[in-house]
Amino acid sequence: MPSYPSATPAGTLPGSVPQLDVAGELLALLRDSTTEPRPDDQLEALTLAVAADLPVLLWGEPGIGKTAALTQLATALDLPLTTVIASVHEPSDFSGLPVIGDDPAEQGIPMAPPDWAVRLVRAGRGLLFLDELSTAPPAVQAALLRVVLERRIGALTLPPGVRVVAAANPRSSAADGWELSPPLANRFVHLQWTHDHDVVVRGLGGTWPRATPPRLDPAKLPGAVAFARRAVCGLLTARPALVHRLPGSETRRGGAWPSPRSWEATIALIAFATAAGSSREVLSQLVRGTVGDGAGLELLASMDRMDLPDPETLLADPEGAELPERGDLRQAALDGVVAAVRARPDRARWDAAWALLVHALRTGAPDLVVVPATTLAALRQDDWDVPAAVEQLAGAVALSRTADRAAARAAAGAGR
Amino acid sequence: MTAPVTGDAAGALDLDKLLAARLYAVRARPYLATALFALHPVASRRVPTMAVDRHWRCYASPLFVDRTPVEDLAGVWVHEVSHLLRDHHGRSDRYARGPGAFGPAERLRMNIAADCEINDDVFGDGLERPGGAVLPGDLGLGPGELMEDYLRQFRLGPVTEHLAWLDCGSGADGAERDWDLGPDGAHGLSAQERDAVRFRVAQGITGRPGTGSRQWRRWAEEAFHPPQPWRDLLGAALRSAASASGAGEDYTYGRPSRRSAAVPGAVLPALRRRPPRVTVVVDTSASVGDTELGSALLEIAAISRAVGGRRDLVGVISCDAAAGVVHPLCRAEGIPLTGGGGTDLRSGFARALAARPGPDVVVVLTDGQTPWPDRRPPCRTVVGLFPRPYPVAGWDEDDPDAVPDPPPAWARVVEIGTPSGGR
């Protein structure tokens, strides 16, 4: 008959340390991870939007690391983090619990706020994270949106030092489909939260990324505001239809769309991104999350053109001109110069444009020069001699002839 | 490639010839100019012909450039830029559910499928099809489909043996090549720049009617708003209609809250669940196919059960010119879908709304070749629309140009049966 060690307490083997202590040791080892600096566009976009005091809505599948990101953000902004899981609360937790006093008819019924709200207001600063917005019942969501948009909880008003971020699951994976109505969607900066495969694998291996938060440069502030206003106003002047456009199709429902309100938010975000020296990737996430993909991409495309060198500067110093490296931008710059000559044609400007084309041919792909050169040649007036510089464009002319000959061959082949 | 090898092919890359071909391609396809000029050419001896990576670099073999005529090279340029514009690397990764999830053979299959999607419509009209370009017909497949559709239809085998050399690079199938310069290499485009270029091209195509083939127009329309899988969309529309306030779960003062005891004297609302009633109106006119109806109906039954509608709360009406009676879903797995003539959905709506108690949500499955009610019905309406590119059934021989009315603005419309691959 086997004998069991009955004298030792449960969970402990004779002569060894208690099992829970060993487990604790193992847990400590598992939690032991290091961090490494790594640029993180998502987190930078989130930080800038929160710094700009705009309501942010993170869209992401459950378990993707939204909460971890918020923890990082709180550290970066040095704010205490308060997380509220929306789906386990009732509307009265956000709109306030009615407390009946001695004479309700005389004194009214005050709406008492929950303890976390009182603590937040008392602290005067903090990061309020409203998680699982999409799994809460509609009435809770309605109460929560008041918190996000009006910053009121019961009778309390959140102080300006408190920033609010909400998170939701995408419509396709939400257990019960909740979606934002267009007016609500318009007030948020929508950020898509995705995981980076490499980061996750490396993190599970023991090294998580540590994002360095963007720093606003005080010297850049006035320029950033001017730039942001110029970018948005420039686009909206040329494209008045973009000022206000309700989302039409089912696919775009619940997302960002352009309106005067969201354009105003866009100006703020461009200014913040510019002052922080953020990359175009970050700006792209912010802009598309505020006015939607269509209008956002148009804005980014028009900002690309704002970055092109000014045609008049190029004409003033064609030899020392710095042209963009990227082919499509370089051709856009050259086209701009030819258009400037066409707008105000005179001999000196025409010659300068030829010199610029020669310069472009020397420093980049020759096929980009062909179309601007053809257009420029057509601008010649009778008393203008062909400048000597044109000789140097022979390469581009030969290239164009090769293409012509191939086209003729292809046409002959097709006619056979 | 079939072109004869001319001269000494061991030299450096003939960049002028390559760029002349690009100029040719731009002249033949002006709407692709931005994309073609944004590609950065790189000479590489390890590339079999020409290949692209996902950072918009175009690798060209000096030997290949040397022995290929300019007009064929132009075709290759357009072919390669099409891989990038149509996001074939991203779609391959999504198909494989992640980068590197499949071996070289599967990636070759993706490359072939992507080539099939491109080659059947980009050539012609001033642009030569390069010799050796694979067409869907070569694999016994029909033209005009998407890469994802082709992928389901063929395997590597004797038919594709001669294509084993085919390699359009990581831009086509998502698998890194050893010649790739990587994200940090010279002159790569960042994700935002790539989006901007694709956007400019799409805008050029949609902004100028008459440019581009039908496929390119479709690409341009969907480039930044890919059609979502209709099952998800229909589910979301139905769930949101069924769980919005007034239906389903919400707060009610009809019964006291469990917290009422803590706040004496105050009346707090309690959470109550009222399962939504869903009535499905099925267009059984001759223009709607049985398989379409079957799949959509199954989907709706599953969704409405998932949102808490008991089966007896889901009713189905089959409707052609006259509406049938409401069949509760619980009575029969197979609902008799009678009909087959023309459609008048107005009678279907009337029948659905006449039921007592009335439905919370009306779901209409139709091809849209029907008159719609003038006024918004007093409940939420979801329309599952079977897309019809040309009015077939609603065609009126007295008025061949008649186009049926689109679904009204008050209904939420989900197109059913659009490709789920996503571009």
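The model is predicted: local features need pLDDT of at least 70, side-chain atom pairs need pLDDT 80 or more, and totals for chains, interfaces and linings use all residues. Residues are numbered from 1 along each chain as written, chains are lettered from A, and side-chain values use heavy atoms, without hydrogens or water.

**Overall shape**
- Chain A holds 18 helices and 11 strands (DSSP runs, H or I of at least four residues and E of at least two, numbered from the N terminus).
- Its radius of gyration is 31 Å, well over the 22 Å from the globule rule for 416 residues, so chain A is more spread out than a compact globule. The radius is taken over C-alpha atoms, and the rule is 2.2 Å times the number of residues to the power 0.38.
- The C-alpha atoms fill a box of roughly 110 × 80 × 55 Å along the principal axes.

**Burial**
- Of the 416 residues, 44% count as buried (under 20% relative accessible area, 1.4 Å probe, protein chains only).

- The whole structure has 4 aromatic pairs (Phe, Tyr or six-membered Trp ring centres within 6.5 Å; planes under 30 degrees apart are stacked, over 60 edge-to-face, the rest tilted).
- Trp350(A) and Trp354(A) have ring centres 5.8 Å apart and planes at 85°, so they pair edge-to-face.
- Both sit in helix H16 (residues 347-363), separated by about one helical turn.
- Trp350(A) is buried at 1% relative accessibility, and Trp354(A) is buried at 5%.
- Trp350(A) also forms a tilted pair with Trp384(A), at 5.2 Å and 40°.
- Trp384(A) lies in the loop between helices H17 (367-378) and H18 (394-415), so this pair ties together parts 34 residues apart in sequence.
- Trp384(A) is buried, at 7%.

Conventions. Buried < 20%, exposed > 50% of the residue type's maximum accessible area, 1.4 Å probe, protein only.
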